[in-house]
Amino acid sequence: MRPGRFPALLALPALLAGGGASSTAAAAHEWRAAWGAPHPFVALDERLLGRGEGLRAGLALARPFGVPGLSFGSAWLRGVPAGWEAHAGSLRAGAYGEGHFGAGRRQRIGGQASLLLGARLFVLEAGEEWRSAHLGATALLGARFLKAPAVELEAGAVDLPLGGAREGPDALLISRLAVAAGERRVVVEHALRLGGGSATTWAAAWPLGRLRLVQMLRAGTGEGGLSAYLRAGRLELGVGQRWHPQLGWTPVVSVSWMEEF
């Protein structure tokens, strides 16, 4: 075990269950399911895998850092009706729990441009006390250039608070650059937390027979991830590990169903 990892593992459930400080909520909500977040790589997975705009549904389960009693789950649905998407996530750690649900619609605003507008609701539970729900708005503008290789840009704000101050997660300003040549894709994301701090993530995906491998590295913190995805008809099965320098490994398993690849 890495030096310093064991105390960090012991501190994590206590932090989540600590009940009340705004920093607690911000730390827990780093497991947001989609659109963008300081730590999880789910949004980048979507861009790296280059999944189409057809009907898609999926489920992912994670054991964050292998901490007993700590679990995370997420589910998503896209394309019903066309242009719409929804996702939900929950995290449990003993007496602490949180959940969120988001929905949005992507609208074409030109031949190669689109705008995603959405909202996300967050709910926290500490002990037997439910805290008030918090609502945040998201707006992401995307544009595509060239065809071979394809170049995509996306930028905007995620989880801007609606209705004044809240204990929810810090809002983010996000920019992403994606370059694709066939199934080989590279994505660079820069996320600025309005509460302070920023992170740049480098990610790449490449085919290996029936497998697609995804590797990520967050500059500055040393966090990373490695995942493998196997296609089986319209199903895509994924297994992977996320790595945090102090907390260690997080195993992730996902199952996705797509109308088209």
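In which strand does Leu235 lie? In this predicted model, Leu235 lies in strand E14 and is partly exposed, with a relative accessible area of 36%. Leu235 belongs to a nonpolar patch on the surface that also includes Trp206, Leu208, Leu211, Leu230, Leu237, Val255 and Trp257, the accessible area of the patch being about 630 Å² together. At least two residues of this patch are supplied by each of strand E11 (198–208), strand E14 (235–244) and strand E15 (248–258).

The structure holds 12 salt bridges. Arg106 is partly exposed at 25% relative accessibility, whereas Glu154 is buried at 9%. A salt bridge also forms between Arg185 and Glu152 (3.9 Å, N to O); because Arg185 lies in strand E10 (residues 184–193) and Glu152 in strand E8, this pair ties together parts that are 33 residues apart in sequence. Here Arg185 is buried at 12% relative accessibility, and Glu152 is partly exposed at 27%.

Glu189 and Arg176 meet in a further salt bridge (2.6 Å, N to O), which links strand E10 to strand E9 (residues 172–181). Glu189 is buried at 4% relative accessibility, and Arg176 is likewise buried, at 4%. Through shared partners, salt bridges join Arg106, Glu154, Arg176 and Glu189 into one network.

How values were computed. Residues are numbered from 1 along each chain as its sequence is written. This is a predicted model: local features need pLDDT of at least 70, side-chain atom pairs count only at pLDDT 80 or more; totals for chains, interfaces and linings use all residues. Side-chain values use heavy atoms; hydrogens and water are left out. Patches are made of residues with over 30% relative accessible area and no salt bridge: like charges are joined within 9 Å, nonpolar side chains (Val, Leu, Ile, Met, Phe, Trp, Tyr) within 5 Å. Accessible areas come from the Shrake-Rupley method with a 1.4 Å probe; for residues, only the protein chains shown count as cover. A salt bridge is a side-chain nitrogen of Lys or Arg within 4 Å of a carboxyl oxygen of Asp or Glu. Helices (H or I, at least four residues) and strands (E, at least two) are DSSP runs, numbered from the N terminus. Buried means under 20% relative accessible area, exposed over 50%, partly exposed in between (1.4 Å probe, protein chains only).
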